[in-house]
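Open the structure in your viewer and keep the selection tool at hand. We will go from stop to stop, and at each one you will hear what to select and what to look for.

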Amino acid sequence: MDTIINQIINGIMLGVMYSLVAVGFTLFFGVLNLIQFSHGEIFMVGAFLGLIILNICHLVLGIENPVLLLFICFVGSSILTGLFGILFGRITIRPIKNAPPVIALLTTLAAGLSIRYIVMAFYPSGSEPQRFPAYLPDWQIDIGGVLLRFDSLFILAGGLFLIIGTYLFINKTKMGIAMRAVAQDRETAAMMGVNIDKVIDITFVVSGVLAACAGIFNGLYYRQIIFDMGGLYGVVGFSAAVIGGLGNIFGAIVGGFLFALLASFTSAFIPGGSAYRFVVAFAFLIVFLVIMPKGILGRREKRTA
Amino acid sequence: MTANHPKLFRCERLTKNFGGLTAVDGVDFGVSEGEVLGLIGPNGAGKTTLFNLITGVYQPDGGRFTIRDENLTGLMPHQIKKKGISRTFQQSRLVLGLSVYDNLFIGMLESFQSGFFDTLIRRSGFKNELRRAIERANQLLRQFNEELVEKGFVPVSDISQIDRRRLEICRALATEPALLLLDEPSAGMTPEESIELMNDIRRVRESYYQKLSIILVEHDMMVIEDITDRVVALNFGKKIAEGTFEEVSRNEELKEAYLGK
Amino acid sequence: MKELKLSLQDFFLILLCLLACCAVFVAFLLATNLFVLLAIIFAVTLAIYLFNRVEQVKSLITGAFERRGKFVTGTVIAILFLLPFVLRSSPYWIFILTLALLWIMVALGINVQFGSAGIINLGAAAFYGVGAYTAGMLATRLGVPPLVNLLLGAGMSVVVGSVLFIPVLKTKSYYLALVTIAFVMAFHTLLNNEEWLGGAQGIVNIPLMSIGGYSFLREINILGFKLPSQANFYYLALVLGALMVVAASRIWNSWVGLTWNSFNEDTGDELSAKCMGVAVNKWSMIAFTIGNFYIGLAGAFYAHMAGYIAPPDITFYQSLLFISAVILGGVDSILGVSVAAVLLVIMPEKLRALQQYWIILFGIILVLMLILRRKGLIPARIRTYGLKISRALGGPPER
């Protein structure tokens with residue numbers, strides 16, 4: 001019973017992180033009809049920027065307070081990753097914004113590869129795993145015999161906060177409405193005066209913030225990050241978004257959790273399953289795509305004349 | 001004039017729903033051999049959906065359609081092509097990167113006999129078929145315009161809009177259909193080009209394809225009056241009028257649909 | 001008399017060009033100084049640029065190549081045959097050239113799938129792996145002769161590929177991309193963890209290629225020259241590769257190639273192809289199968305050349321390298337993808353000094369190509385089915 005609960009918790013943690021990345025994928029597809037395959041690398045960049053900020057604040061500026069450190073880390077990395085996203089978008093996405101999604105997939109795939117190895121090459125001992133400082137307290141709460149770590153709750157709460165924030169942004173702000181307009185019908189939105197290039201920027205910022213936070217969560221939870229952590233997350237994020245229905249934010253969250261729980265349960269309950277957890281998850285993905293290509297909650301239908 | 005001849009093509013109570021919207025609602029009509037039928041109606045009346053239904057692109061939710069009394073309902077597009085229905089599209093669906101000949105050959109692919117053996121090993125069989133194909137392609141192009149023959153190996157992206165329309169019709173004709181569906185062939189053309197194209201279509205039909213039946217979707221009423229033998233009018237997916245152009249143009253509901261109350 | 005003069009001029013130009021290319025190529029292979037290498041790359045790029053700009057030179061040379069097709073083929077074959085002679089003191093480069101030939105085979109396979117038919121297969125490395133592992137296992141466990149293994153490996157690749165038929169037919173573009181990525185990643189994990197597949201070590205001690213009793217480990221003595229044993233693999237790969245290029249070329253220049261182009265998702269139109277009677281599903285599966293056959297055969301050959309095959313060779317990154325041969329070289333262009341395949345093998349070898357920066361450079365080049373020149377280095381030409389078309393008849397223009 002214990003193990004099951006622990007596996008569920010583990011799965012939920014993973015689910016939060018997968019979901020945050022998946023939402024980014026789904027936003028790109030929903031709003032811009034593109035597959036941004038290097039989103040996993042944005043996740044990685046967010047984590048590394050977070051690490052750099054933490055190290056600078058702690059070692060150079062001498063800040064000791066963990067709350068302050070984490071705050072600066074999250075906010076700082078979010079801002080920088082958002083800016084990085086804008087730059088990335090302007091260089092790689094704007095030129096191909098009208099091309100078929102496959103071209104964007106390949107272009108961003110290649111770009112992601114470059115980013116990954118740039119980090120490996122230029123970050124000191126980039127090919128090694130980097131120790132991520134543990135600023136979250138080690139508290140454990142005992143609920144009915146189950147130990148809940150503080151960092152699990154923190155990540156869960158953080159993820160929730162980010163999702164709610166994204167929802168509010170998309171539905172209540174002017175930029176968010178612009179995004180939804182472009183998602184529904186790009187041509188008409190453009191004719192109504194929406195600046196498509198700006199929407200590209202905003203999409204990168206929003207998904208960048210989500211990915212950066214997911215990256216830092218990842219670092220805090222596993223206590224280490226590595227230059228190729230974006231590879232798996234990219235594929236998983238894409239898969240989760242597809243399962244939930246590309247373009248559907250809630251679907252991406254469902255997909256993320258589904259994927260995480262599938263992987264965790266395989267790991268826990270099938271002997272020797274740990275190595276196979278992704279084989280199972282991917283097999284599930286392939287079968288799923290054949291049976292329900294529109295995803296669980298339905299894909300956004302792009303209007304074709 | 002041809003109203004009493006046995007019908008080549010019939011559709012009965014054809015219906016198609018999309019979610020809550022009924023795009024085509026119980027449409028009935030027939031086309032005789034050699035007849036040109038105009039299909040008119042305001043935008044959104046269901047004309048293209050009807051075309052998609054009778055070419056197997058969509059499956060109907062009700063009703064049926066037949067060619068020479070053979071039921072074609074439920075068949076896939078490539079099967080329907082074999083039964084003798086061919087079409088052009090509102091937006092050009094030629095392959096821009098391929099040559100004029102290649103696009104025409106796409107319409108003839110089904111009739112080719114060369115298999116992998118002829119392709120890989122005994123090339124002479126393939127070469128003979130190729131020569132016959134080019135002759136046939138030239139013959140088709142010549143019916144429209146002698147100049148097109150010289151552009152056989154030119155990529156379609158390099159030829160004019162009106163030539164592309166001609167080519168698209170040629171491609172449909174290459175499949176040797178009994179019934180040809182033309183979906184707004186003059187869309188996007190200047191009035192002069194439109195007249196030119198319609199004259200071409202009429203001339204080609206009268207010279208070479210007297211037995212070919214055509215369903216023509218057009219917005220230009222002068223063209224409809226000029227070329228068609230009969231007219232069917234749709235509005236909101238329903239047939240609201242059928243008859244000669246004079247008869248149909250007097251229909252009140254149709255006038256309202258086009259011009260408002 | 002004028003005819004003769006034109007012929008001689010053509011032959012001379014062709015020989016000059018091909019020999020010059022060959023000389024530069026060999027010089028590039030053998031140079032060790034990084035600056036020399038970069039200088040060669042720069043010079044070649046400049047030459048290509050000037051070639052494209054100076055119309056007279058361009059039309060003169062392309063005209064010669066087009067008119068004397070048979071002579072060109074003959075000269076190219078002769079040059080390829082003589083390469084090991086020129087490189088006989090550098091057996092490593094003969095090995096690399098053989099690897100390049102294998103990559104050409106893979107690129108041809110992917111070109112059929114993606115270039116012609118528009119089926120994106122980012123799991124190509126898995127099919128390469130199936131070919132290699134099948135050959136390796138059959139050879140080490142059952143003692144099947146290597147030559148037979150080539151066919152069996154290719155065949156197995158086709159069989160495994162049929163598992164993906166339904167996704168190929170039912171899922172479009174980016175969904176299929178995801179499916180194939182998931183496939184290769186899952187396959188990689190399977191290879192790493194299953195003991196009967198060799199686990200993390202892979203299959204080792206695979207007997208090297210041999211035909212009948214002739215072992216490929218022997219040196220060759222021809223015409224008084226002693227060629228290293230690597231030349232054996234090279235010549236076999238050359239023969240196989242030539243056959244595959246001819247086959248691929250003939251298929252492209254026929255109704256089959258046209259059929260695939262007609263429903264290609266990116267450049268063709270599936271809906272109108274269907275309405276014109278094309279059985280899209282059937283031909284999609286055929287394209288996928290032929291592609292996997294090519295890829296599997298190359299994999300099987302590799303197993304018998306390297307003597308081992310292990311999971312690190314079968315990754316998503318490897319798939320990306322394979323498919324980039326098509327993207328960089330020229331979509332649906334046999335010449336283009338072949339040239340790109342060779343470059344993709346040679347460049348990382350020569351630019352070893354750049355180490356991990358090579359991948360960064362590769363990624364950037366790929367991005368630039370996709371944004372700026374999506375048709376690739378040597379784009380596909382208009383199909384003329386092997387007929388000699390005079391320019392006056394609206395013949396194939398420069399692309």
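Before the first stop, one definition: two residues are in contact if their C-beta atoms, placed from the backbone, lie within 7 Å. Keep in mind, too, that this is a predicted model.

**Stop 1: chain B as a whole**

Now colour the chain by secondary structure: chain B has 11 helices and 10 strands. How does its radius of gyration agree with that of a compact globule? For 261 residues such a globule would have a value near 18 Å, and chain B, with 19 Å, agrees with this. Of those 261 residues, 46% count as buried.

**Stop 2: an open sheet in chain B**

Stay in chain B and select strands β2, β1, β4 and β5. In that order, these 4 strands form an open sheet with antiparallel pairing. Which two strands stand at the edges? They are β2 (21-32) and β5 (70-71) of chain B; each has a single partner strand, so one side of each is left without a neighbour in the sheet. As a general point, strands of a sheet pair through backbone hydrogen bonds, either parallel or antiparallel.

Zoom in on β1(B), residues 7-18, which is joined to β2(B) by 8 bridges. Pick out C11(B) and you will see F29(B) of β2(B) opposite.

While you are in β1(B), click on R13(B), which belongs to this strand. Most residues other than glycine have a negative phi. R13(B), however, has a positive phi near 50°. R13(B) counts as partly exposed because it has 14 C-beta neighbours inside 10 Å.

**Stop 3: a covered strand, β9(B)**

Next, select residues 230-235 of chain B, which make up strand β9(B). Are its residues mostly covered or mostly open? They are mostly covered, as 6 of its 6 residues are buried. In a regular strand the side chains alternate between the two faces of the sheet. Here R230(B), V232(B) and L234(B) lie on one side, while V231(B), A233(B) and N235(B) lie on the other, and all of them are buried.

Strand β3(B), residues 36-40, runs parallel to β9(B) and is joined to it by 4 bridges. Strand β10(B), residues 238-243, pairs with β9(B) in the antiparallel sense over 5 bridges.

**Stop 4: chain A and its side towards chain C**

Now show chains A and C together. Here 35 residues of chain A are in contact with 33 residues of chain C. On chain A, α4 (101-122), α9 (229-244) and α11 (273-291) each supply at least two residues of the touching side. Which helix gives the largest share? That is α4(A), with 15 residues. By class, this side of chain A has 31 nonpolar, 4 polar and no charged residues.

Then move to N33(A), in the loop between α1 (2-32) and α2 (39-60) of chain A. N33(A) is not a glycine, yet its phi is positive, about 55°. N33(A) is buried, with 20 other C-beta atoms within 10 Å.

**Stop 5: the two domains of chain C**

Finish with chain C, coloured in two parts: domain 1 (1-86) and domain 2 (88-393). The domain centres, taken over C-alpha atoms, are 26 Å apart. At the place where they touch, 9 residues of domain 1 are in contact with 12 residues of domain 2. On the domain 1 side, α4(C) gives the most, with 4 residues. The residues of that side divide into 9 nonpolar, no polar and no charged.

Last, select α9(C), residues 173-193. This helix of 21 residues reaches 30 Å from its first C-alpha to its last, close to the 30 Å expected. Of those residues, 16 are buried, so α9(C) is largely enclosed by the rest of the structure.

How values were computed:
Residues are numbered from 1 along each chain as its sequence is written. Chains are lettered from A and ligands numbered from 1 in the order in which they are written. This is a predicted model: local features need pLDDT of at least 70, side-chain atom pairs count only at pLDDT 80 or more; totals for chains, interfaces and linings use all residues. Two strands pair if DSSP finds at least two bridges between them. Domain bounds come from an automatic or database domain assignment. Ala, Val, Leu, Ile, Met, Phe, Trp, Tyr, Cys and Pro count as nonpolar, Asp, Glu, Lys and Arg as charged, and the others, Gly among them, as polar. A residue is buried if 20 or more other C-beta atoms lie within 10 Å of its own, exposed if 12 or fewer, and partly exposed in between; C-beta atoms are placed from the backbone. The expected span of a helix is 1.5 Å times one less than its number of residues. The radius of gyration is taken over C-alpha atoms; the globule rule is 2.2 Å times the number of residues to the power 0.38.
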